[in-house]
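Trainee: I want to learn how to read salt bridges in a model. Can you walk me through a case?

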Amino acid sequence: MSYRLRLYVTGRTAHSQRAIRNLQEICENELRDRYQIEVIDVLENPRLAENEKIMATPTLVRQLPEPVRKIIGDLSDREQVLLGLDIVPTISEGGGRGGAK
């Protein structure tokens with residue numbers, strides 16, 4: 001399964017940069033080569049944000065697989081992001097949760 005993700009941010013603020021880093025780390029650890037990230041700056045492309053009904057940033061939109069899901073915030077709560085994206089976490093060395101659906 002491939003994931004298409006769109007992250008809406010506002011400028012190059014510390015909050016926006018943290019969200020980008022957190023998303024990249026989660027995708028590398030959990031999705032490996034099965035994802036595509038598009039970062040949209042709402043200051044540069046307000047119409048796209050308006051069309052997607054983005055009210056706050058950062059907002060992550062999972063476009064594929066359907067259904068569309070949205071997560072608001074800097075994505076620092078890894079477990080909440082995985083839950084929001086409906087991703088089963090991989091088993092970590094620390095005995096974390098994981099397994100197949």
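Mentor: A salt bridge is a side-chain nitrogen of Lys or Arg within 4 Å of a carboxyl oxygen of Asp or Glu. Here Arg 6 forms one with Glu 38, with the closest N and O atoms 3.0 Å apart. Arg 6 sits in strand 1 (residues 3-9) and Glu 38 in strand 2 (residues 35-41), 32 residues apart. Helices (H or I, at least four residues) and strands (E, at least two) are DSSP runs, numbered from the N terminus.

Mentor: First, the ground rules. This is a predicted model: local features need pLDDT of at least 70, side-chain atom pairs count only at pLDDT 80 or more, and totals for chains, interfaces and linings use all residues. Residues are numbered from 1 along each chain as its sequence is written, and side-chain values use heavy atoms, leaving out hydrogens and water.

Trainee: Is Arg 6 buried or exposed?

Mentor: Buried means under 20% relative accessible area, exposed over 50%, partly exposed in between (1.4 Å probe, protein chains only). Arg 6 is at 12%, so it counts as buried. Glu 38, at 33%, is partly exposed.

Trainee: Which side chain meets Glu 52 in a salt bridge?

Mentor: That of Arg 6, at 3.5 Å, N to O. Glu 52 lies in the loop between helix 2 (46-51) and strand 3, so the pair ties together parts 46 residues apart in sequence.

Trainee: How many salt bridges does the structure hold?

Mentor: Four. Another of them joins Arg 18 and Asp 74 at 2.8 Å, N to O. Arg 18 lies in helix 1 (residues 14-30). Asp 74 is buried, with a relative accessible area of 15%.
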